[in-house]
Amino acid sequence: SNTMVSGTGNSGQLELIELLPLEYTRGLSLTRFLAASVPKSLGTVFIKFLATHSPLGQEFIHLKRVRPSPPPAAPGTRLDVLVCRGDVEPPQGVIAYLNA
């Protein structure tokens, strides 16, 4: 949108325009993800494992991958960690890691 404001210059008017890139003005879209609940003590190791075996990719780099698990988990004991998008199977290495 254009906005006219008074200012100094030859015409006495200054024109302001929005310069937001498309990614800041497009509609909202939701993506389903699969998450694993892991003991807090394994969180750092599991996240490092996922970084090489199941990266989220540049498209989702803005996401926070870890959060504390909600009840009924005891506070501070478990973490929910995003593993992969919900429309793909988790890599076999990730499944094996979680089942170990």
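Which side chain does the side chain of D80 join in a polar contact of 2.8 Å? The partner is the side chain of S69.

## Basis of the report

The model is predicted, so local features need pLDDT of at least 70 and side-chain atom pairs count only at pLDDT 80 or more, while totals for chains, interfaces and linings use all residues. Residues are numbered from 1 along each chain as its sequence is written, and side-chain values use heavy atoms, with hydrogens and water left out.

## The setting of D80

D80 is placed in strand β5, residues 78-85 (strands are DSSP runs of E with at least two residues, helices runs of H or I with at least four, numbered from the N terminus). Its relative accessibility is 15%, so D80 counts as buried (under 20% relative accessible area; exposed is over 50% and partly exposed in between, with a 1.4 Å probe and protein chains only).

The polar contact with S69 is a pair of N or O atoms within 3.5 Å; within protein, one must be able to donate a hydrogen and the other to accept it, and residues adjacent in sequence count only if both atoms are side-chain atoms. Leaving aside residues up to four places away in sequence, D80 touches several residues, including A36, R65 and P70 (contact means heavy atoms within 4.5 Å).

## Aromatic pairs

The structure holds 3 aromatic pairs (rings of Phe, Tyr and Trp, the last by its six-membered ring, with centres within 6.5 Å; planes under 30 degrees apart are stacked, over 60 edge-to-face, the rest tilted). The ring centres of F33 and F60 are 5.1 Å apart and their planes stand at 90°, so this pair is edge-to-face. Both F33 and F60 are buried.
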